[in-house]
Amino acid sequence: MPRLTSWARRSPIVALPVAALLVAAAGTGSALAASPAHRVSADARVTDSPRGAVAKITWHRLHLINGWKSGSTKPLDTGAPSYAVSGGMVYLTGSLHQPHGADAIFAKLPKGARPAHKLWIEIWTNSAAAGTLFIGPDGMMQAYNGGAQVLASLATVSFPTAAIKPHALKLLNHWVSSQSVFNSGAPSYAISGGVVHLSGALHRTSGSSDLLAVLPRPARPRHDMYLTVYSDAGAVSSLHITPGGSVLASGSATGAFTSLAAISYPVATTRWHKLSLEDGWKSSQSSYNSGDPSYAVIRGVVYLSGSMHEASGDSGLFGTLPPAARPAHVLDFGTYAFNGVFGALGMVPNGFMLVVSHPQASAMSYTSLAAISYPRSS
């Protein structure tokens, strides 16, 4: 394991002022190996992006309880924990911590912002550790695992309301819905405004196949997508979605329970804008068919895609977002790093973006931007 600086060992958001996000982690990323996950090749074409008026996204502060407080301060402006309902979607933003108390319940969503089923969502927590966000149909919200009490981020979390109608996925290879056991919703997909939304949870009753379903053609991405997801007892697992529609789950706990909640990505015909990479970072498209690092803005929501690696150098800083895609606050969120390691991406309002993982070599060898999204006002 390469030796990391204090910036890499700790959260770039919690441990240091915002300006220190420009500090790079020490150590050199390892060379790319055979695959970041189970590779399946396929081709597709991009035509044009979905069009539509910019949706109005109005934020409402969450009423925090049980000793939980906003994690936002003047030097660490992550934004207060808030929710918004727009275009049939619920969006969350901000950060929180629990300076005293031990109850994981931190807030209750109002009726219009509650999910139909129980949601288990993987989130960024202090020290770039994977944590868990749980949201119940009664609106109760809990944050736990990782370093959630020190700081937990709600950035990039979103899920459909009942206004967006889901379609059940046809499950394969002894994978079955976990709805009857956990009230987590049947594994489903929906397409709304040019964006695909996955939902529900599942488990495998026998066998060892990672292939759990094949998405219908309209819901397939243009490139291979690699992302980390919540699985049984908060374990970090990986999801691989191919342009051919194959959905594969890998990890030691996926067979017991795998959540598809809060996964959203634009349809294959979306028009993307390439990000300009810096400090030795390069696209990993040629190795993994996962697309060049890119962004798109659809009705006020920014979507990222693609993957990258650091071909030379030892900097976690990989690029700067253009003004049209910059957030209003500091954002921290999880992402897929090499071989399914939980990586973390930090973003600041001036557009600077950095990645970190434990070990840092994992993020530098491969970092996925797939299925990351946030309203510009986050």
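How many cavities of 30 Å³ or more does the structure hold? The exercises below treat this predicted model, in which local features need pLDDT of at least 70, side-chain atom pairs count only at pLDDT 80 or more, and totals for chains, interfaces and linings use all residues. Residues are numbered from 1 along each chain as its sequence is written, and side-chain values use heavy atoms, with hydrogens and water left out.

**Exercise 1. Describe the cavities and their linings.**

Step 1. The structure holds 2 cavities of 30 Å³ or more. A cavity is a set of points, on a 1 Å grid over the protein atoms alone, where a 1.4 Å probe fits but cannot get out; lining residues have an atom within 4 Å of a point. Grid points are joined across faces, edges and corners, and a volume is the space filled by probe spheres set on the points.

Step 2. The largest cavity contains about 390 Å³ of space. Its lining comprises 31 residues, and Glu-122, Thr-228, Ala-262, Gly-334 and Ala-371 lie nearest its centre. Two or more lining residues come from each of β7 (119-125), β18 (225-231), β22 (263-266), β29 (331-337) and β33. Strands here are DSSP runs (E, at least two residues), numbered from the N terminus.

Step 3. By class, this lining of the largest cavity has 19 nonpolar, 10 polar and 2 charged residues. Ala, Val, Leu, Ile, Met, Phe, Trp, Tyr, Cys and Pro count as nonpolar, Asp, Glu, Lys and Arg as charged, and the others, Gly among them, as polar.

Step 4. The second largest cavity has a volume of about 50 Å³. Of its 11 lining residues, Thr-78, Ser-95, Ser-153, Val-330 and Asp-332 are the closest to its centre. The lining of the second largest cavity divides into 6 nonpolar, 4 polar and 1 charged.

**Exercise 2. Trace the open sheet that contains β33.**

Step 1. The order of this open sheet of 4 strands is β23-β25-β26-β33, with antiparallel pairing (two strands pair if DSSP finds at least two bridges between them). Its edge strands, β23 (273-274) and β33 (372-375), each pair on one side only.

Step 2. β23 is joined to β25 (residues 294-298) by 2 bridges. Opposite His-273 stands Tyr-295 in β25.

Technical notes: On a 1 Å grid over the protein atoms alone, a cavity is a set of points where a 1.4 Å probe fits but cannot get out, and a pocket is an open set with protein on both sides within 12 Å along at least five of seven lines; lining residues have an atom within 4 Å of a point.
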